[in-house]
Amino acid sequence: MKNLYYVVKKCVGCKTCELACAVAHSESDDLSKALKEKRVARPLVRVYGVSGKDYPVTCRHCKDPKCVAACMAKALTRDVKTGMVLHDEDRCVGCWMCVMVCPYGAIRPNHKIKLPLRCDRCKDKDQPACVKACPTKAILWEEEPEPKK
Amino acid sequence: MKHVVIIGNSAAGIAAAESIRQIDKTSKITILSDEGYEAYCRCLLSYYLAGEVDEEKIPYRPKSFYKENNFDLLLNKKVVSVEPEKNRIVLEDKSSVGYDSLLIATGASPKFPKGVKGLQQKGVFGLRTLKDAKDIVALLSSSGSVCVLGAGLVGLRVAHALSKRKLKVTVVVKSKQVLSQMLDARAASLVQKKLESNGIEFIMGADAVEVLGGAQVKGIKLDSGKEVPCSLVIVGKGVSANMDLVKDSKVKCADGILTDKFLQSSIPGIYAAGDVCENFDLTIGKTAVNALWPIAIEQGKIAGSRIAGASEAYDGSMGMNSIEFFGLPVISLGVYDIKGASVSLEELETFDENKGMYKKLILKDGKMIGAIMVGDIRASGLLLSLIRNKVDVAPFKDKLLLEDFSYPHIAGKTNEKEQMYV
């Protein structure tokens with residue numbers, strides 16, 4: 001199963017990944033058009049500067065996801081086959097329980113549309129848009145390491 | 001063949017049944033419910049009441065769920081007693097069911113205060129079950145106004161929902177503030193103002209003494225003698241654990257059924273989980289009932305895996321809640337008020353009245369034990385993780401309230417399993 005990893009020493013905090021992510025999740029998949037869409041896409045990845053270093057943060061698609069357990073509307077589920085945590089917008093009521101329990105702070109509330117913002121690994125594309133966009137190759141799209149014993 | 005009996009068909013019961021099946025594919029698992037529905041999302045009832053969620057989205061599991069997992073579901077069966085010495089439970093119709101392991105996940109019921117007259121009449125409801133919600137919805141077209149007794153979580157959710165249905169809503173609150181079980185006075189006043197500016201009325205420091213009417217609710221009478229007309233009354237005075245079924249047994253109870261780190265009661269083979277269960281509370285340092293959906297799932301999982309022979313232990317629960325009214329998000333974690341605390345606690349806070357933004361953190365010996373966030377809830381998951389992992393936050397406590405407080409601030413400190421950085 002592939003996951004996203006970040007090489008902190010290569011990240012320069014340019015936030016190109018944030019922009020690429022938002023565009024990839026817009027309806028048009030085109031920057032100039034994306035800003036004019038009715039539901040303006042927001043980045044699902046965020047880069048935070050802490051103590052002079054830059055760190056991207058995204059959903060880890062945990063094996064024992066706290067957000068799925070806390071989701072009282074059953075909008076969040078974990079697909080055992082793909083290892084992905086999936087979100088069903090139609091079922092979501094925007095209660096923010098997932099925001100409250102994510103230990104990575106990787107789920108943010110989008111108050112405008114009452115839906116959580118959370119990395120979906122660009123599941124309909126061949127690879128996440130952020131990986132392609134990163135100018136310093138700080139974002140790795142790799143098989144998960146074997147769990148530590 | 002081993003027979004596991006689960007009393008209760010909601011969050012804790014289902015989580016337990018699933019967790020047993022993951023390990024044990026063959027044991028017979030019987031799930032009993034005193035309700036007439038397959039498992040549903042109980043917390044969606046207020047959204048259903050508001051007309052925001054259709055009934056088709058209420059089910060918690062697909063139709064095929066019970067059959068696929070080989071669960072025997074018995075609906076409309078009320079269990080009246082547990083007989084541990086005979087390893088059996090007795091139902092209302094006097095029939096009995098034997099078990100090898102028993103999980104009590106009977107949940108809780110709305111408290112109807114004894115001092116209020118007329119609560120038994122038609123038009124007075126708690127909101128706990130899908131039946132309650134459907135009964136209320138059926139009366140909406142003939143109701144113009146509602147009185148909600150109590151300003152706890154359920155009371156305010158119902159008030160919010162019914163105001164969306166264009167009813168005139170009056171909330172009668174005995175204490176000085178709303179949500180006194182999860183917020184301090186300042187946060188509560190922000191919530192109350194938000195509700196008031198959206199047309200919900202509050203009568204503070206008052207209690208209902210009588211529901212007026214007969215065949216139909218006409219209003220309520222307050223302890224001041226004042227009468228408030230309404231055609232519907234919702235009682236939101238908290239809930240109490242459904243543990244009548246063990247009252248004649250030796251199963252030890254306090255506010256709920258007391259359980260150990262494997263969610264086992266004082267009688268071996270009998271477990272409890274969810275709103276009926278009392279277990280260690282991580283933030284107050286003693287046992288408590290934390291009647292919350294995510295906690296019911298957690299406890300159900302642990303109890304189920306233990307019943308199936310696993311040895312994962314439960315470190316305890318804590319109070320936590322997320323609510324949003326008219327666009328104002330509010331989260332409360334653990335200890336929310338230091339009033340009356342016997343040991344010295346430290347408070348950190350930021351408050352911007354104009355923005356409706358308020359954050360407060362409570363620390364004990366350099367570790368977080370609680371938080372309130374109003375308006376900006378983005379960092380709540382990180383704070384919860386710091387509380388649950390008992391992290392010494394003293395070295396970076398000046399960062400906790402920053403607007404961009406984020407995972408990198410705490411990476412490596414919270415014992416999370418998933419790797420992010422290389």
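Which side chain of chain B meets Lys63(A) in a salt bridge? The points below begin with the answer.

1. The partner of Lys63(A) is Glu418(B), with 3.5 Å from N to O. A salt bridge here is a side-chain nitrogen of Lys or Arg within 4 Å of a carboxyl oxygen of Asp or Glu. By this rule, three salt bridges cross the interface of chain B and chain A.

2. This is a predicted model, in which local features need pLDDT of at least 70, side-chain atom pairs count only at pLDDT 80 or more, and totals for chains, interfaces and linings use all residues. Residues are numbered from 1 along each chain as its sequence is written, chains are lettered from A and ligands numbered from 1 in the order in which they are written, and side-chain values use heavy atoms, with hydrogens and water left out.

3. Chain A contributes 42 residues and chain B 41 residues to their contact, where contact means heavy atoms within 4.5 Å. The two chains bury about 3,600 Å² between them, and carbon and sulfur atoms supply 63% of that area. Within chain B, the greatest losses to chain A fall on Glu418(B), Met420(B) and Val422(B), together 19% of what that side buries. Buried area is the accessible area (1.4 Å probe) that two parts lose on being put together, summed over both.

4. Between chain B and chain A there are 14 residue pairs in polar contact, both residues at pLDDT 80 or more. Such a contact is a pair of N or O atoms within 3.5 Å; within protein, one must be able to donate a hydrogen and the other to accept it, and residues adjacent in sequence count only if both atoms are side-chain atoms. By class, the chain B side that touches chain A holds 24 nonpolar, eight polar and nine charged residues. Ala, Val, Leu, Ile, Met, Phe, Trp, Tyr, Cys and Pro count as nonpolar, Asp, Glu, Lys and Arg as charged, and the others, Gly among them, as polar.

5. Chain A is assigned domain 1 (1–58 + 120–140) and domain 2 (61–118), with bounds from an automatic or database domain assignment. Their centres, taken over C-alpha atoms, are 19 Å apart. Domain 1 gives 13 residues to the contact and domain 2 gives 15 residues.

6. Between these domains of chain A, about 1,200 Å² is buried, 55% of it on carbon and sulfur atoms. On the domain 1 side, Arg39(A), Leu44(A) and Arg121(A) lose the most area to domain 2, together 41% of what that side buries. Arg39(A) also meets Glu89(A) in a salt bridge (2.8 Å, N to O).
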